[in-house]
Amino acid sequence: GSLWLELRGNTGKIRVMLEGDVLLDGETTSVELDVPGDDLELEVEFEELGTSGRIEVELRDGDGDAQEAMDVNLQAAPLILNHHLQPVERIYAMSASGSQGNVPFTDGVEDAVGDVFEGFTLSRYGWDVWIQDEIELATMTAPDGRRMDVVIDSIRSAPGQYLGALPEDELEQPGVAVATWGSGRPTSQDSFGNLEVSPPVEVDGVVYPFGRAYYGRWFSEEMTDDMVEMLEDQKVQDPFELDVGFLCVGHVDEFSTFVPDPTSPKGFRFIVGDVDLAYEFLESQAEGTRLPNYARDHGYSTIGDIVDDNALRALNDEVQEDYIDPAVEEFKAELGLTEDDIIRIPAMFEEVRGCGGATVGLIPGTVNMTVAPLPSGETHLFMPDPFLRPSGDDQQDDPFIAHIEGMLPEGLDFHWLDDWDNYHIMLGEVHCGSNTVRTPIDDWWTAAAHLLSDDED
């Protein structure tokens, strides 16, 4: 008897091999083999992520008549980006001591999670602290526990320069690959603080078991086409775009995130910054409360100085009405969220020189946090210290910290990191300066089969 094989679909992107020899590819799409005496193990190689096709297998007898046939789907493992409900295996940040050091930041993380934290020497990489912006961490998995971690290296740094050298220097190893999509002149939209993923959601009857990816557009500046096309080709996280034109840096992590919440029917809450709540909080405090950090770096000596700045209030009202509120409506539509899924927390913005009226966080952006569920069960939130108090030393005296902790779900471990000098006044916060390796939590070949087409044509 014999075995007849025919490759269909993306034949130019798939190779079928036997013991290392190519049987089927774009040039040879069918072949007939003598039936061996034992099992026949075929190997499949995909040229591109997201590639799919089919192979028809037909067993024939000695007269060439069909005896048994099967049609087998071929699907490359999709590249799946991590979301905040996945357990954390490693937390990365850049690390330095001395006058340019960020010891309060790195010590705060390490004290909470121990060996889960790993710091890379900041001076080796041009004093570039923005490790969230440089890399996106993702996984590819297959049956029998097979896993490949992928470090997506953005185009924000030239290869080998600043943090552009870190993926190959520090992360690439067996089981961890480094890849880049896109080239040419980068914009801030190509940084990966501008690429986030929701937890699992159901939208209009469609389940996204690995969440949906989202990223921001800053007027005419968009994420590089190659990166967007790669994300779309994976199918399982169906990306969508938001307008972030109000932000100078222009990243979605500056005003939105997700935290676990076992009491929620969806298992999470969507967290978004809210200007009105910031004013409501400040107006509840004593106007004469001194703010040394704000006096030094923002020009506001007291809480009253912030509240009484009419131009600042008008700016923030515009941000809320023209950008944040519409973004929330888009999140609701794209992720199937309701008001019950959302927690709005105080946020306030100010214009920054050189950004044409665009804004950054005046109060350190609490929403710009690192969410770290550990396999042991606890979930750590690493958040920027707001310093809305007269003394910089004692966080117990900061009413804003107590206020935020009271707004977020119970059972979370809060860590308020001093990121003021190395991150906040440099236009970023905790999430921008950290990154996380997370454990895959589901099998795409079963959970996401409904999102993957067979591309038979």
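Tyr162 is found in the loop between strand S12 (146-153) and H3, where helices (H or I, at least four residues) and strands (E, at least two) are DSSP runs numbered from the N terminus. The phi of Tyr162 is near 50 degrees, a positive value in a residue other than glycine. This is a predicted model, in which local features need pLDDT of at least 70 and side-chain atom pairs count only at pLDDT 80 or more, while totals for chains, interfaces and linings use all residues. Residues are numbered from 1 along each chain as its sequence is written, and side-chain values use heavy atoms, with hydrogens and water left out.

**Positive phi values**

- Tyr162 counts as exposed because its relative accessibility is 51%; exposed means over 50% relative accessible area, buried under 20%, and partly exposed in between (1.4 Å probe, protein chains only).
- Asp204 is not a glycine either, yet has a positive phi of about 50 degrees.
- Asp204 lies in the loop between strand S15 (201-203) and S16, and is exposed with a relative accessible area of 79%.

**Salt bridges**

- The structure holds 29 salt bridges, a salt bridge being a side-chain nitrogen of Lys or Arg within 4 Å of a carboxyl oxygen of Asp or Glu.
- Asp169 and Arg124 are joined through their side chains in a salt bridge of 3.7 Å, N to O. This pair links distant parts of the chain, 45 residues apart: Asp169 is in helix H3 (residues 166-171), and Arg124 is in the loop between strand S10 (117-121) and helix H2 (131-134).
- Asp169 is partly exposed, at 44% relative accessibility, whereas Arg124 is exposed, at 53%.
- A salt bridge of 3.2 Å, N to O, joins the side chains of Asp238 and Arg212. The two residues are 26 residues apart and link distant parts of the chain, with Asp238 in the loop between helix H4 (225-234) and strand S18 (240-243) and Arg212 in the loop between strand S16 (206-208) and strand S17 (213-217).
- Asp238 counts as partly exposed at 30% relative accessibility, while Arg212 counts as buried at 5%.
- Arg389 pairs with Asp398 in a salt bridge whose closest N and O atoms are 2.6 Å apart. Arg389 is buried at 2% relative accessibility, and Asp398 is buried with a relative accessible area of 2%.
- A network of salt bridges links Asp274, Glu329, Lys332, Glu339 and Arg344.

**Negative surface patch**

- Asp276, Glu280, Asp317, Glu318, Glu321, Asp322, Asp325 and Glu351 gather in a patch of negative charge on the surface.
- Patches are made of residues with over 30% relative accessible area and no salt bridge, like charges being joined within 9 Å and nonpolar side chains (Val, Leu, Ile, Met, Phe, Trp, Tyr) within 5 Å.
- Helix H5 (275-283) and helix H8 (310-335) each supply at least two residues of the negative patch, and H8 provides its largest share, 5 residues.
- Asp317 lies in helix H8 and counts as partly exposed, at 35% relative accessibility.

**His251**

- His251 lies in the loop between S18 and strand S19 (256-260).
- His251 is buried, as its relative accessible area is 2%.
- The side chain of His251 reaches the backbone oxygen of Ser188 at 2.8 Å.

Methods. Accessible areas come from the Shrake-Rupley method with a 1.4 Å probe; for residues, only the protein chains shown count as cover. Lys and Arg count as positive and Asp and Glu as negative; His and the chain ends are not counted. The place of a charge is taken as NZ of Lys, CZ of Arg, CG of Asp or CD of Glu. A polar contact is a pair of N or O atoms within 3.5 Å; within protein, one must be able to donate a hydrogen and the other to accept it, and residues adjacent in sequence count only if both atoms are side-chain atoms.
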